[in-house]
Amino acid sequence: MSESFIPYGRQSIDEQDIQAVIQVLRGDYLTTGPMVAQFERRLCEISGAKAAVAVNSGTAALHAAYYAAGLEPGQEIITSPLTFAATANAARYLGANVRFVDIDPATGLIDPAQIEQAITPRTRLIAPVDYSGQPADYDAINAIASRHGLAVVADAAHSLGATYKGRPVGTLATLTTTSFHPVKPVTTAEGGAVLTPHENLASIAARFRTHGITRDPALLQSNQGPWWYEMQELGYNYRLPDLNCALGLSQLGKLDQFLTRRRQIAAMYDQGLSHSKELILPHVNSDVVSGWHLYVVRLAGDASRRRAVVEALHQRKIGVQVHYIPVHLQPYYQSLGFKAGMFPQAEDFYSRCFSLPIFPAMTDEQVGRVIDNVLGCVNNAR
Ligand SMILES: *Cc1c(COP(=O)(O)O)cnc(C)c1O
């Protein structure tokens, strides 16, 4: 049997998902229609949030959430360097600056003990990233935020459906953002959402999604007739079409089953790899349930072997990936003054990490193939 390439992540689409999208194509609304509100209601039920605002990417969700949190030009956000660039970029869109705080090397999550020293009079919000699907330490982060009058915007692109001390992602921060990119917990192709316990902040994000336009009689400055609307602030077209919301709604019905399978795969990796002295396996804090978006291992010894290991695994059709090149090392952020060496824990984590394939449709046989090849490659590269 010829063995096929195993990607690090991929969507799971079934016939029900396909039919849900086809039904929208046959109907009256392709873009903003009834599926948007249904999808948002279901997101609230799943996450415990009071309000959800669906947008057309996780990046748009971050932009809208930072805006709703009141982030203004010249102000600052605090986030982790071990994330996708969008977490930081969305602050730059608003003319704000980014202060990175190094990670806890055990988990890859922002280290709450280092946050307070990064706060300045210009800080507006803290943006923890639920790296790999594990919620950050929200009790510690929220306590710091409330001492300093800051908002907390959780980048939960990896962690929809995860819990922290029994509380679901979506209830842990002032605002929470998700992504529905195909590799994420559920997909709408492209998409994202802002979740929040605060209806007033959701209204701000909802206006931001559609050009800053309102038709709410309570907000209008005048009213010249049934066509009247007012653009009172500068917004964007960040709307998520009905087509995508129908796919997302169908996918949300399978979130529990997807998470269960991700947990099973993680447990198989734990068991199959734990005896290797060459690898550091992911650590999950005892008070969280991870969404297992990523299963990130690190080389224990000489990190310079990482490239050879990744290349050898690619040759064996195992699609390992690296999450993430620390954002402050990107040329754009270097041009803003960031330098290698500033966040040593994130840089060390990056230098030795790679993510193993994990996605709901992965078979036990594929998991076994990954384990065998990873063990083979890390031993060969020694
Ligand atoms: C995927 C991702 C994003 C961006 O989401 P898009 O939907 O691709 O725009 C932001 N932050 C993190 C941590 C992500 O993994």
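C353 counts as buried because its relative accessibility is 0%, where buried means under 20% relative accessible area with a 1.4 Å probe and protein chains only. C377 also falls in the buried class because its relative accessibility is 3%. The model is predicted, so local features need pLDDT of at least 70 and side-chain atom pairs count only at pLDDT 80 or more, while totals for chains, interfaces and linings use all residues. Residues are numbered from 1 along each chain as its sequence is written, and side-chain values use heavy atoms, with hydrogens and water left out.

Now for the ligand. Among the 15 residues around it, G58, T59, D155, S179 and K184 come nearest; a residue is near if one of its heavy atoms lies within 4 Å.

| Residue | Protein atom | Ligand atom | Distance |
|---|---|---|---|
| G58 | backbone N or O | oxygen | 2.7 Å |
| D155 | side-chain N or O | nitrogen | 2.7 Å |
| S179 | polar side-chain atom | oxygen | 2.7 Å |

The protein covers 92% of the 380 Å² of accessible area that the ligand has on its own (Shrake-Rupley method, 1.4 Å probe). Helix 3 (residues 58-68) gives the largest share of the shell around the ligand, three residues; helices are DSSP runs of H or I with at least four residues, numbered from the N terminus.

Notes: Buried means under 20% relative accessible area, exposed over 50%, partly exposed in between (1.4 Å probe, protein chains only). A polar contact is a pair of N or O atoms within 3.5 Å; within protein, one must be able to donate a hydrogen and the other to accept it, and residues adjacent in sequence count only if both atoms are side-chain atoms. Helices (H or I, at least four residues) and strands (E, at least two) are DSSP runs, numbered from the N terminus.
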